[in-house]
Amino acid sequence: MKIIIDLEKCTGCGKCKEACPKGGKIWTIDKKRKVAIPSNLEYCHLCIICASKCPEEAIRIIRDDNYEKGPEIEENP
Ligand code: SF4
Ligand code: SF4
């Protein structure tokens, strides 16, 4: 799976981190750049709460059944 943030839309408001059950483990808010950065996606259980709570609709979650085998982030999605 991948979590893609639309950097044009994201305001760094932090609502994704607040809403995510694993928020502190997955989400970092870069206050300088005003963007949310997801990482440690092995903690994500694809509940989609973050995407549903984002007021800017900036989060796209891509499910990938081959996650175990594949990379977390693709260079050219
Ligand atoms: S909730 Fe949306 S706009 Fe706010 S920091 Fe997260 S991704 Fe960015
Ligand atoms: S899908 Fe759920 S667990 Fe995964 S980052 Fe979003 S809120 Fe957190």
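Leucine 46 has 11 C-beta neighbours inside 10 Å and therefore counts as exposed. The structure is a predicted model, in which local features need pLDDT of at least 70, side-chain atom pairs count only at pLDDT 80 or more, and totals for chains, interfaces and linings use all residues. Residues are numbered from 1 along each chain as its sequence is written, while chains are lettered from A and ligands numbered from 1 in the order in which they are written.

**Confidence and overall organisation**

The average pLDDT (the predictor's confidence in each residue, from 0 to 100) of the protein chain is 88, and 83% of the residues score at least 70. Over residues 69-77, pLDDT stays under 50. For that stretch the model has six contacts beyond four places in sequence, a contact being two residues whose C-beta atoms, placed from the backbone, lie within 7 Å.

The protein chain contains three helices and four strands. These elements are DSSP runs numbered from the N terminus: helices are H or I runs of at least four residues, and strands are E runs of at least two. From the N terminus on, their order is β-α-α-β-β-α-β. Of the 77 residues in the protein chain, 18% are buried. Among contacts between residues at least 6 apart in sequence, 57% join residues at least 24 apart.

**The hairpin and its turn**

Strand 2 (residues 27-30) and strand 3 (residues 35-38) pair in the antiparallel sense over four bridges; pairing requires that DSSP finds at least two bridges between two strands. Tryptophan 27 stands opposite proline 38 in strand 3. The two strands form a hairpin with four residues between them.

Lysine 34 lies in the loop between strand 2 and strand 3. Lysine 34 is not a glycine, yet it has a positive phi of about 60°. Most residues other than glycine have a negative phi, and most peptide bonds are trans. Lysine 34 is exposed because 12 other C-beta atoms lie within 10 Å.

**Loops**

The loop between strand 3 and helix 3 (49-53) holds leucine 46, whose phi is also positive, near 60°. Histidine 45 belongs to the loop between strand 3 and helix 3 and counts as exposed because it has 10 C-beta neighbours inside 10 Å. Cysteine 44 is placed in that loop too, but 20 other C-beta atoms lie within 10 Å, so cysteine 44 is buried. Leaving aside neighbours within four places in sequence, cysteine 44 is in contact with Met1, Lys22 and Ile26.

Leucine 7 is found in the loop between strand 1 (2-5) and helix 1 (15-19), and it is exposed because 12 other C-beta atoms lie within 10 Å. Proline 21 sits in the loop between helix 1 and helix 2 (23-26). With 12 other C-beta atoms within 10 Å, proline 21 is exposed.

| Residue pair | Separation in sequence | C-alpha to C-alpha distance |
|---|---|---|
| Leucine 7 and lysine 34 | 27 residues | 8.9 Å |
| Histidine 45 and lysine 22 | 23 residues | 9.0 Å |
| Cysteine 44 and lysine 25 | 19 residues | 9.2 Å |
| Proline 21 and histidine 45 | 24 residues | 9.3 Å |

**The nonpolar core**

In soluble globular proteins, nonpolar side chains tend to be buried together. A nonpolar core is a set of buried Ala, Val, Leu, Ile, Met, Phe, Trp, Tyr and Cys residues joined through C-beta atoms within 7 Å. The largest nonpolar core has twelve residues: Ile3, Cys10, Cys16, Cys20, Ile26, Trp27, Ala36, Cys44, Cys50, Cys54, Ala58 and Ile59. Apart from neighbours within four places in sequence, alanine 36 is in contact with Ile5, Cys10, Gly12, Cys16, Lys17, Trp27 and Ile29.

**The two ligands**

Around ligand 1 there are 13 residues, of which Cys10, Cys13, Cys16, Ala36 and Cys54 come nearest. A residue is near a molecule or strand if its C-beta atom, placed from the backbone, lies within 6 Å of it. The shell around ligand 1 has eight nonpolar, three polar and two charged residues. In this classification, Ala, Val, Leu, Ile, Met, Phe, Trp, Tyr, Cys and Pro count as nonpolar, Asp, Glu, Lys and Arg as charged, and the others, Gly among them, as polar.

Ligand 2 is surrounded by 13 residues, and the closest are Cys20, Cys44, Cys47, Ile49 and Cys50. The shell around ligand 2 has eleven nonpolar, one polar and one charged residues.
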